[in-house]
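I opened a notebook for this structure and wrote down what I looked up, one entry at a time.

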Amino acid sequence: MRARRQVVIADTHQLWRHTLRKVLEGFGAYCVVGEAASGAALLEQAERMRPDIILTDALLPVLDGIEALKRLRGVAPMPRALVLSE
């Protein structure tokens, strides 16, 4: 059996994070290991949890999703990222 991919979700809307968690975990191949409502919280979650994938909104408070990903470039291994935008 293949290991489940670990995911961190970052979005300001709690309901959207919850929905994404349910959809991803419903596939059985993903495990959401962290959630964040700001770019600063995304950095903390990513550095602590070392996920395989980051799913982030581009427009986060404190630090936007794009800038947060730029700051994570030094993290090894670098997680794959998917950026959402309105």
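Which residues does Thr56 touch, not counting residues up to four places away in sequence? I found Ala10, Leu42, Gly65, Leu69, Leu82, Val83 and Leu84, where contact means heavy atoms within 4.5 Å. Thr56 sits in strand β3. I looked up its cover as well: Thr56 is at 0% relative accessibility and so counts as buried (buried is under 20% relative accessible area, exposed over 50%, partly exposed in between, with a 1.4 Å probe and protein chains only).

A note on the source. I am reading a predicted model, in which local features need pLDDT of at least 70 and side-chain atom pairs count only at pLDDT 80 or more, while totals for chains, interfaces and linings use all residues. Residues are numbered from 1 along each chain as its sequence is written, and side-chain values use heavy atoms, with hydrogens and water left out.

Next, the elements. I listed three helices and four strands, in the order β-α-β-α-β-α-β from the N terminus. Helices (H or I, at least four residues) and strands (E, at least two) are DSSP runs, numbered from the N terminus.

Then helix α2, residues 39-49. I noted Gly39, Leu42, Leu43, Gln45 and Ala46 as its buried residues. They pack against β1 (5-10), β2 (30-36), β3 (53-57) and α3 (65-71). I also checked what follows α2, and it is Arg50, with a positive phi near 50°.

Aromatic pairs came next. My search of the whole structure gave one. The pair is Phe27 with Tyr30, edge-to-face, at 6.4 Å centre to centre and 80° between the planes. Rings of Phe, Tyr and Trp (its six-membered ring) pair if their centres lie within 6.5 Å; planes under 30 degrees apart count as stacked, over 60 as edge-to-face and the rest as tilted. Phe27 is exposed, with a relative accessible area of 60%, whereas Tyr30 is partly exposed, at 26%.

Last, the chain as a whole. I read that 36% of its 86 residues count as buried. The C-alpha atoms fill a box of roughly 40 × 30 × 20 Å, taken along the principal axes. Among contacts between residues at least 6 apart in sequence, 63% join residues at least 24 apart. I counted 12 positive and 10 negative side chains, and the centres of the two sets lie 7 Å apart. Lys and Arg count as positive and Asp and Glu as negative, without His and the chain ends; each charge is placed at NZ of Lys, CZ of Arg, CG of Asp or CD of Glu.
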